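Me: I have a structure open and would like to go through some of its local features. Could we take them one at a time?

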Amino acid sequence: SRTYEADREVLAASGDPAFCVRYAPTEEGSHSIDLALTDPSGKKNFPKIDFSANKAGSDTRGYIRLGRNNLHFQFDNNKTYFPVGENICWVTYEKGPYDFDAYFSALSQHGGSYTRLWLTDAYMDGLAVEIAIGKFNLTNLWRLDYVVSLAERVDIRLLMCTESFNLLRSKSPYAKWKDSYFNKANGGLIEHPQEFFTDETAKEDYKNRLRYLIARYGYSTSVFAWEYFNEVDITDDYNSTAQVAWIKEMTDWIHSLDINRHLISTSYSDSTGDANVQALDSLDFTMTHSYNENDIPATTGQWPKMKVEKYKKPSFVAEFGIAHEDQDKAGWSLRNGLWSPVVQFGAGTCMTWWWDSWVAPNDLYGKFDGVSAFVRSVEWVRYNWTAVVDATTSSNASRVYLMAGSSIDR
């Protein structure tokens with residue numbers, strides 16, 4: 001249980017520790033579950049569980065899939081999912097999920113439908129899943145349970161980012177390798193950061209983490225996708241060949257466990273990304289991180305178009321920001337980032353990074369109103385889209401982008 005005392009979250013254990021099983025049937029009819037528990041003392045079989053699943057209601061959307069136009073996302077009911085949102089990767093450790101209550105409420109009230117969580121120990125984050133090799137933080141996992149259920153209540157979908165470059169980076173900025181629990185000097189498994197992707201014991205440890213996440217949260221339709229890494233290319237001595245092999249192996253592992261087939265991706269600091277990785281069938285969509293561009297429609301907003309043309313899969317800008325948010329308290333750059341990819345083949349809006357230092361303090365949530373209403377009014381996946389206009393007025397004062405769609409649902 002939790003309470004809010006002296007401007008901070010206070011958690012108290014309630015009841016005895018226990019295992020829970022979550023199962024979300026995707027087909028109506030009779031189902032049965034055979035449950036067995038194995039630990040060092042042996043194996044225990046439990047009585048078979050039989051139950052019947054009723055047909056889902058007409059308002060049930062299901063999980064998120066690749067859209068039938070290969071450009072957008074759709075739910076199991078074939079309706080479009082067009083992500084509108086921002087990063088909310090972590091919150092203050094003092095307030096914990098109370099901060100998520102405030103952020104999710106404000107975002108959802110203005111039509112937001114997406115956010116991204118960091119589940120890494122890079123900054124002692126309150127949602128860090130693994131805090132030492134093979135050791136999961138059950139308090140943080142209770143917090144994550146709460147955040148997932150909160151997302152279900154307010155209709156926000158979650159990009160679950162499992163790891164970040166920081167713990168595998170020794171050079172400034174944002175380097176955490178010296179204190180990383182992966183580092184053998186701190187009781188970890190590897191002597192060099194890149195061994196995370198090649199050492200068999202390190203890979204098994206990461207697979208164990210994925211297995212746990214899927215077992216605990218794979219049931220949820222509010223999980224949009226799994227993201228392997230935040231900006232993996234700025235880990236020490238990044239190796240494209242090793243990354244390709246690692247991505248293939250981990251995706252095969254996820255597919256062997258995640259019966260609900262949540263989507264999968266990864267991200268790069270370099271906006272271009274790694275072509276060898278982004279072209280893999282093992283990744284369902286591509287993402288871009290883009291910063292410090294003043295003309296957002298002509299730069300940041302065009303990344304999805306370029307990647308869709310190259311990789312033939314959905315793409316959106318998962319992080320963006322300008323160099324002077326403190327000078328844009330009205331949020332015009334946020335407005336440009338939200339709108340510009342919509343008509344430039346983006347599968348979602350650009351997702352601002354500055355949720356806690358810019359959007360919330362300046363109450364910029366109203367910028368989400370118009371774009372969220374607009375994207376909900378179009379069934380994007382029903383059409384194949386082509387660019388019609390991509391031009392600048394003669395005065396160079398404005399720019400026009402238009403797309404036209406031809407129906408694929410005839």
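This is a predicted model: local features need pLDDT of at least 70, side-chain atom pairs count only at pLDDT 80 or more; totals for chains, interfaces and linings use all residues.

Me: How many residues does helix α2 have, and what distance does it reach from its first C-alpha to its last?

Reply: Helix α2 covers residues 138–154, which is 17 residues. From first C-alpha to last it reaches 24 Å, close to the 24 Å expected at 1.5 Å a residue.

Me: What happens at the start of α2?

Reply: There, a side-chain oxygen of asparagine 137 comes to within 3.1 Å of the backbone nitrogen of threonine 139.

Me: And which residues of α2 are buried?

Reply: They are Asn140, Leu141, Arg143, Leu144, Asp145, Tyr146, Val147, Val148, Leu150 and Ala151.

Me: Changing topic to the strands: in which sense do β4 and β5 pair?

Reply: Strand β4 (residues 36–39) pairs with strand β5 (residues 42–45) in the antiparallel sense, over four bridges. The two strands form a hairpin, with two residues between them. Aspartate 39 has glycine 42 of β5 opposite.

Me: What is the strand order in the open sheet with β7?

Reply: The order is β7-β8-β9, three strands with antiparallel pairing. β7 (64–66) and β9 (80–81) are the edge strands, each pairing on one side only.

Me: How many bridges join β7 and β8?

Reply: β7 pairs with strand β8 (residues 73–75) over three bridges, in the antiparallel sense. Within that pairing, arginine 65 stands opposite glutamine 74 in β8.

Me: Where is asparagine 260, and is that residue buried or exposed?

Reply: Asparagine 260 sits in the loop between α4 (240–257) and β16 (263–265). The residue counts as buried because its relative accessible area is 6%, and the cut-off for buried is under 20%.

Me: What is asparagine 260 in contact with, leaving aside neighbours within four places in sequence?

Reply: Asparagine 260 is in contact with Ala24, Thr26, Tyr63, Arg65, Gly218 and Tyr219. Arg65 is also the residue that stands opposite glutamine 74 in β8.

Me: Last topic: how many cavities of 30 Å³ or more are there?

Reply: The count comes to three. The largest cavity has a volume of about 80 Å³.

Me: Which residues lie nearest the centre of the largest cavity?

Reply: Val91, Phe100, Asp125, Gly126 and Leu127 lie nearest its centre, out of 13 residues that line the largest cavity.

Technical notes. Residues are numbered from 1 along each chain as its sequence is written. Side-chain values use heavy atoms; hydrogens and water are left out. Two strands pair if DSSP finds at least two bridges between them. The expected span of a helix is 1.5 Å times one less than its number of residues. Buried means under 20% relative accessible area, exposed over 50%, partly exposed in between (1.4 Å probe, protein chains only). A polar contact is a pair of N or O atoms within 3.5 Å; within protein, one must be able to donate a hydrogen and the other to accept it, and residues adjacent in sequence count only if both atoms are side-chain atoms. Contact means heavy atoms within 4.5 Å. On a 1 Å grid over the protein atoms alone, a cavity is a set of points where a 1.4 Å probe fits but cannot get out, and a pocket is an open set with protein on both sides within 12 Å along at least five of seven lines; lining residues have an atom within 4 Å of a point. Grid points are joined across faces, edges and corners, and a volume is the space filled by probe spheres set on the points.
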